[in-house]
Amino acid sequence: MRKKRNVKPLPTIWHVPEELWNTIEPIIRKFDPPKHTGRSRIDQRAAMDAIIFRMRSGCQWNQLPKDFPDDSSVHRTFQRWTQRGLLDKIWAALIADCAELGGIDFRWQSADTAMSKARFGGTISGQTP
């Protein structure tokens, strides 16, 4: 029988650490500059934290915890950043930083899947629509 090691799991990161924000902020400033007219936008770092929370937890936009900005504003920010390709640019910059550190081995890949019953019982039990 194997002994279980007493290993503490790492805490889940819900907020962007300072070092990571220093990489992300210039990209946001360049591709999503502040507006000169109309309502001012929500804090970009708080928006990023809320988007990360939403993507990691899978909650609905209107179920974001109250310590994040208004869910509609966060969703609008997410849509704007997606349309401008901002999230892709941030991802590319983070991958480049990891590559410099030797942190990514692209030969290894993983896929996530879910297994469940075949809809309508599959082909053995009858016709499928």
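Figure 1. Of the chain's 129 residues, 22% are buried (under 20% relative accessible area with a 1.4 Å probe, protein chains only; exposed is over 50%, partly exposed in between). This is a predicted model, in which local features need pLDDT of at least 70 and side-chain atom pairs count only at pLDDT 80 or more, while totals for chains, interfaces and linings use all residues. Residues are numbered from 1 along each chain as its sequence is written, and side-chain values use heavy atoms, with hydrogens and water left out. You will find four helices and zero strands, in the order α-α-α-α from the N terminus (DSSP runs numbered from the N terminus: helices are H or I, at least four residues; strands are E, at least two). Of the contacts (heavy atoms within 4.5 Å) with a separation of 6 or more, 57% join residues 24 or more positions apart.

Figure 2. Trp 21, Ile 24, Ile 27 and Ile 28 are the buried residues of α1.

**Figure 3. The largest nonpolar core.** Here 20 residues come together (buried Ala, Val, Leu, Ile, Met, Phe, Trp, Tyr and Cys joined through side-chain atoms within 4.5 Å). Those with the most contacts inside this core include Ile 28, Met 48, Leu 64 and Trp 81. Two or more residues come from each of α1, α2 (44-57), α3 and α4 (86-100), and α2 gives the most, with five. Leaving out residues up to four places away in sequence, Leu 64 touches Ala 50, Phe 53, Arg 54, Cys 59, Asp 71 and Val 74.

**Figure 4. Arg 80 in helix α3.** Arg 80 sits in α3, residues 71-83. With a relative accessible area of 16%, this arginine counts as buried. Beyond its neighbours within four places in sequence, Arg 80 is in contact with Asp 32 and Arg 41.
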